[in-house]
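The following exercises are to be worked with the sequence and the coordinates at hand. Each task is followed by a solution in steps.

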Amino acid sequence: MLDNLGDLERTHSCGALRTDHVGKTVTLMGWVARRRDFGELTFIDMRDRDGITQVVCNSEDAPAAHAKAKEARGEYVIAVTGKVLLRDEASRNSKLPTGDVEVRAAEVLMLNDARTLPFQLDAPTDSLASEDLRLKYRYLDLRRPQLQANLRLRHRVLREIRSYMDEQGFTELETPILIKSTPEGARDYIVPSRIQPGKFFALPQSPQLFKQLCMIAGLDRYFQIARCFRDEDLRADRQPEFTQLDVEMSFATLDQIYSITEGLFARVFKLIRVELALPFPRFTYAEAMKRWGSDKPDLRIAGMELQDLSSALEGTDFAPYASALAAGGEVKGLVVRGGASISRKTLDELQEFAKRYGATGLAWIKLGDETTSSLLKALGTDGVARLAAAAQAEKGDAVLVVAGKSKTVAASLGALRNEVARREKLIPANVYAPLWVTEFPMFEYHEEDDRYYAMHHPFTSPVDEDLTLLERAVDGGETALLGQIRTKAYDPVINGVELASGSIRIHRRDVQRLVFKALGMTTEEARSRFGFFLDALEFGTPPHGGIAPGIERLLMVLVPTENIRDVMAFPKTASATDLMIDAPGEVDAKQLEELHLQVVKE
């Protein structure tokens, strides 16, 4: 028989009681985390979002309460009223903040029962049920203390962000969720209009144009905790819907944006008792790719910078390296200090890992008591020695070598740097290494469709000295110059995680026209997609810039976790589905008819 709560009120949470509460009568409400039955004594570990308190039910003192306790099972919802007692010295639990006390129950109310859970809530992290099962029953998974702690940290981060932005003179505004589709970059989520048949809204990938319109409107400093949507393939750090702090400033210099952003991160990291060193070091995109093979390098990893070995291979007749160099590519190496002990099995695994990033192969040199190498047959002892010397490797080290196009070499060695550091435990714990990556290329060339795309977005301003390159490339027909144009774009990175993207924006219509034309848009296409924005640029647009830190990415570093789903209440799977509510799902024929849509089965 279940009980009614009636007028009974909770006096304390299950994580609140301490020795100074001894002797007080309290009322707790929560879930049965665990029950232990010892005949006349029954112990219940009672849990709510704040923690666990041990409840003792004695058949002599409170027979009715004891009888109720014996009926309780895991995850039953109960209310307990009783007196706080000091535990015996031998029975205290130092692992719990409440471990010095217990509640002697005078009354137990059974507020609801529960059927057997599909998985164990208190299982160790390495023994958790499959993620799909936990996502199907997400409301149960969220009872786990770690996930609840993550979400409460998320709340504190958002509260701190709002406070900081207010102090800096920013105004919080909301921009539309139903907007116009402007396909450029990731795919939009499309929403059909019932009122205007055959026309569609799109869900925003970001509030980019609206925040720029806020600057044209004279609002000067804007921010928004914005929900954004991207219909793209998912990874461990991506979701189809996510949250970002959207920021824009009029008359902003690069240094102003850097300073405000660094101050924000420093403020947020204090929530986990970490003092970030300011200012963050800055590296251009070109320097970051040259040194670490990544535009989001993890600076916790000491050294392990990419070494150019091309000069040591001049005139080589080893076909893979000769052809790579002849085609304008590179041969680069990564030195692993103390890596001579790496096993052949691990090297084979690293080779397969490098292939995921486009490398055709991974050569290696190990400088142990004897030098061994997968290149001995191709280059000979002297050639291998020259290569090791060019890499600045010493006895006891290993050198990992990749050849090919510059982009492929950087991607594969940059990823290998992180993977080797993880495997060899070269990443120090509780260290936070921030930096800025600046001056990203304006365009990147895609061979598959033989055209240039905007690396960030098409509203990013070129650096002042490269504006003439843009004019020559577009109006002068020197298309190859597009790959040389740098931008006023910047990404803050902490521990190898890109936490935000930002840039100074284009505020002149003539420059915006050049960028659209460089991307292959005709005047009519640009007018159709962005006519409202091009018009707005003609009415006194101030110079402006901004940044958009991803809330989930930030929390992944703060928690820390490598899985974005750990910092979201109701995430999607890797296939962009919600297993709990079974979405996306089909809609009935009447809804399709109202929307003037027809589903074509494959």
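**Exercise 1. The open sheet**

How many bridges join β13 to strand β16 (residues 398-404), and in which sense do the two strands run?

Solution. The model under study is a predicted one.

Step 1. β13 and β16 are joined by 7 bridges and run antiparallel. Within this pairing, Val331 lies opposite Ala403 of β16.

Step 2. On its other flank, β13 is joined to β12 by 3 bridges, again in the antiparallel sense. Here Asp308 faces Lys332 of β13.

Step 3. Strand β14 (residues 363-367) pairs antiparallel with β15 over 3 bridges, and Lys366 has Thr372 of β15 as its bridge partner.

Step 4. The complete order is β12-β13-β16-β14-β15, an open sheet of 5 strands with antiparallel pairing. β12 (306-308) and β15 (371-373) are the edge strands; each has a single partner, so one side of each lacks a neighbour in the sheet. On average, neighbouring strands of this sheet are turned by 25 degrees against each other, direction ignored.

Step 5. In strand β13 (residues 330-336), 7 of the 7 residues are buried. One side carries Glu330, Lys332, Leu334 and Val336, the other Val331, Gly333 and Val335, and both faces are covered.

**Exercise 2. The closed barrel**

Determine the strand order of the barrel, and identify the helix that lies across β1, β2, β3 and β5.

Solution. 

Step 1. The barrel is closed, has 5 strands in the order β1-β2-β3-β5-β4, and shows mixed pairing. From one strand to the next, the twist averages 55 degrees.

Step 2. Strand β1 (residues 25-38) pairs with strand β2 (residues 41-48) over 7 bridges in the antiparallel sense. Phe38 is found opposite Leu41 of β2.

Step 3. The helix is α1 (residues 63-71), which lies across β1, β2, β3 (51-58) and β5 (101-112) and runs at about 70 degrees to β5.

**Exercise 3. Cysteines**

Solution. 

Step 1. There are 0 disulfides in the structure.

Step 2. A disulfide requires two cysteine sulfur atoms within 2.5 Å. The closest cysteine sulfur to that of Cys14 belongs to Cys57 and is 13 Å away, which is too far for a bond.

Step 3. Cys228 likewise takes part in no disulfide, since its nearest cysteine sulfur, in Cys214, is at 14 Å.

Step 4. Cys14 has 0% relative accessibility and counts as buried; Cys228, also at 0%, counts as buried too.

**Exercise 4. The largest nonpolar core**

Solution. 

Step 1. In soluble globular proteins, nonpolar side chains tend to be buried together. The largest such core here comprises 40 residues, and Val157, Ile161, Leu245, Phe269, Leu554 and Leu558 have the most contacts inside it.

Step 2. Elements that each supply at least two of its residues include α4 (145-167), β9 (221-229), β10 (241-250) and α15 (551-558). The largest share, 7 residues, comes from α6.

Step 3. Apart from residues up to four places away in sequence, Phe269 touches Val274, Leu276, Tyr432, Ile494, Leu554, Val557 and Leu558.

**Exercise 5. Thr460 and helix α13**

Is Thr460 buried or exposed, and which residues of α13 are buried?

Solution. 

Step 1. Thr460 is located in the loop between β19 (451-454) and α12 (467-474). Its relative accessible area is 2%; the limit for a buried residue is under 20%, so Thr460 is buried.

Step 2. The Thr460 side chain reaches the backbone oxygen of His457 at 3.1 Å. Beyond its neighbours within four places in sequence, Thr460 has contacts that include Met442, Thr487, Ser503 and Ile506.

Step 3. In helix α13 (residues 509-518), the buried residues are Val511, Gln512, Leu514, Val515, Phe516 and Ala518. Their cover includes β18 (443-446), α12 and α14 (523-536).

Step 4. After α13 comes Gly520, with a positive phi near 90 degrees.

Technical notes
Residues are numbered from 1 along each chain as its sequence is written. This is a predicted model: local features need pLDDT of at least 70, side-chain atom pairs count only at pLDDT 80 or more; totals for chains, interfaces and linings use all residues. Side-chain values use heavy atoms; hydrogens and water are left out. Two strands pair if DSSP finds at least two bridges between them. Helices (H or I, at least four residues) and strands (E, at least two) are DSSP runs, numbered from the N terminus. Axes are lines fitted to C-alpha atoms, for helices over the stretch in contact, and angles run from 0 to 180 degrees between N-to-C directions. Buried means under 20% relative accessible area, exposed over 50%, partly exposed in between (1.4 Å probe, protein chains only). Contact means heavy atoms within 4.5 Å. A nonpolar core is a set of buried Ala, Val, Leu, Ile, Met, Phe, Trp, Tyr and Cys residues joined through side-chain atoms within 4.5 Å. A polar contact is a pair of N or O atoms within 3.5 Å; within protein, one must be able to donate a hydrogen and the other to accept it, and residues adjacent in sequence count only if both atoms are side-chain atoms.
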